[in-house]
Amino acid sequence: MFDLSLFWDYRVILWQGLLINILVFVLSSGVGLAIGLLACVGRLSSPAWLRRISAGYIEGTRSTPEFVLLFWVHSVMPVLLSGLVGMRLHFNPILSATIALGVVSSGYFAETFRAGIQAVPRGHIEAARALGMTPPRILRRIVLPQAVRIMLPELMSQNIGLLKTTTLVSVIAVPDIMYQVGIISQQEMKPLPLYTGTAMAFFIVILALTSLVDRVSYRLKRY
Amino acid sequence: MELWTRTLLANAGPVLEGLRVTMSVSAIAFIVAALVGLAICFARIYVPPLRRLLGAYIAFCRNTPIFVQLLWVAYAWYDLFAWPTDVFTAAWVALALQSSGYLAETFRAGFESVPDGHVEAAHALGISRFTTLRRIVMPQMLLTIAPSLMNQFIVVLKCSTLVSVIAVPDLMFQAIRLTNIWGEPVPFFTFVAVVFIVLIVSLSAISKKLTDRVHARLAA
């Protein structure tokens with residue numbers, strides 16, 4: 001029934017496309033983790049205005065569809081920035097994809113960081129303080145080792161989600177795997193083998209990653 | 001301001017029509033996904049020979065990017081099954097495919113949260129299996145998973161923006177089309193982003209309230 005030979009014939013181009021997906025994933029995950037950490041620190045800090053802004057940012061980014069933000073960053077942000085600096089700007093599609101996916105994922109990352117930090121029992125921090133440990137040392141020796149263990153499974157599955165989302169970037173002309181699939185399918189006038197092959201390939205890769213994360217999470221939760 | 005009236009207000013008709021299409025794709029996809037998910041959940045429990053196959057189906061739905069599924073359904077399914085014949089059907093089928101996998105797992109979690117004793121008690125009273133399911137299991141199960149159902153609807157609504165890629169005239173499709181006609185991306189894309197953020201923030205707020213009420217109800 002399936003003749004997937006076409007999928008195999010174009011494996012080199014598809015592989016190059018997948019590498020672009022991985023590039024976008026790594027960049028946007030880095031951006032997302034960095035902004036997420038900042039937003040989390042803001043959310044847990046003492047000034048009320050900073051807490052409110054961070055909470056609003058987290059809520060807002062978590063409620064934005066990735067696809068809409070991708071278009072917004074790619075076509076609206078350059079126009080707004082051009083008005084600001086007074087010259088015409090254009091964003092490289094990979095830059096737009098990194099910003100959009102980074103911003104969307106940062107809200108989710110921030111909530112995961114917060115959940116991890118808040119899961120550390122207060123008594124541990126109070127005990128450390130009673131023993132005369134300095135706040136940075138409490139963070140480094142008491143809070144982070146426990147918090148990281150708690151948030152790692154969630155962070156990993158969110159990163160898998162982000163990897164899945166990187167397939168969208170072809171809509172702003174990032175030459176990723178789906179972009180290549182679209183072009184080849186049009187040239188060959190055979191959509192079936194490439195779309196089916198890509199769906200199967202993603203299924204296998206993501207399933208393998210998910211199972212790996214499940215196993216690691218299980219081991220982390222034993223302690 | 002003049003820019004907004006000239007572009008957005010002048011095209012309120014197509015924009016609202018797009019919003020209607022977005023809503024109907026999401027609603028149809030969610031309802032179909034819930035029905036299929038429920039059927040899969042019960043089939044996995046009561047029809048052991050199907051367990052492996054349905055497990056594979058769920059794994060496939062959950063572990064494939066929605067965008068890949070959408071294009072696969074829209075462009076490859078017609079060659080495979082001679083169906084779906086129009087993009088609107090392809091759109092809700094793809095969205096439902098993805099969500100049915102997640103919802104099957106949600107329903108299972110809900111099913112497992114119903115204490116065995118309740119089912120056994122119904123059995124002891126001579127209530128038939130179907131009635132037990134309908135009167136004893138389902139009400140408790142739906143109460144527990146109501147917040148998760150709501151969250152899955154939010155996911156469907158978010159993913160529904162993708163269907164513009166296969167030329168379904170939803171809100172995003174209209175925004176792209178009007179931007180290309182008017183050469184003004186700012187009002188259209190900003191409007192779409194604001195509409196979705198407002199919609200989803202309000203739905204999440206409802207979902208949060210629902211979660212609290214369910215917890216209060218279960219604790220009582």
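**Exercise 1.** Which residues does Gln152(B) touch, not counting residues up to four places away in sequence?

*Solution.* The model is a predicted one, in which local features need pLDDT of at least 70, side-chain atom pairs count only at pLDDT 80 or more, and totals for chains, interfaces and linings use all residues. Residues are numbered from 1 along each chain as its sequence is written, while chains are lettered from A and ligands numbered from 1 in the order in which they are written.

Step 1. Two residues are in contact if their C-beta atoms, placed from the backbone, lie within 7 Å. With residues up to four places away in sequence left out, Gln152(B) touches Ser99(B), Tyr102(B), Leu103(B) and Thr106(B).

Step 2. Thr106(B) lies 46 residues from Gln152(B) along the chain, and their C-alpha atoms are separated by 9.5 Å.

Step 3. Gln152(B) belongs to helix H8 (residues 129-159) of chain B. Helices (H or I, at least four residues) and strands (E, at least two) are DSSP runs, numbered from the N terminus.

**Exercise 2.** Determine whether Gln152(B) is buried or exposed.

*Solution.* A residue is buried if 20 or more other C-beta atoms lie within 10 Å of its own, exposed if 12 or fewer, and partly exposed in between, with C-beta atoms placed from the backbone. Gln152(B) has 21 other C-beta atoms within 10 Å and is therefore buried.

**Exercise 3.** Describe the side of chain B that touches chain A.

*Solution.* Step 1. In chain B, 31 residues are in contact with 30 residues of chain A.

Step 1. The elements giving two or more residues to this side of chain B are helix H3 (51-62), helix H4 (66-75), helix H5 (77-81), helix H9 (171-182) and helix H10 (185-219) of chain B. H10(B) supplies the largest share, 11 residues.

Step 2. By class, the residues on this side of chain B are 22 nonpolar, seven polar and two charged. Here Ala, Val, Leu, Ile, Met, Phe, Trp, Tyr, Cys and Pro count as nonpolar, Asp, Glu, Lys and Arg as charged, and the others, Gly among them, as polar.

**Exercise 4.** Summarise the fold of chain A.

*Solution.* Step 1. Chain A has nine helices and zero strands.

Step 1. Its C-alpha trace spans about 70 × 55 × 25 Å along the principal axes.

Step 2. Of the 223 residues in chain A, 41% are buried. Among contacts in chain A between residues at least 6 apart in sequence, 76% join residues at least 24 apart.
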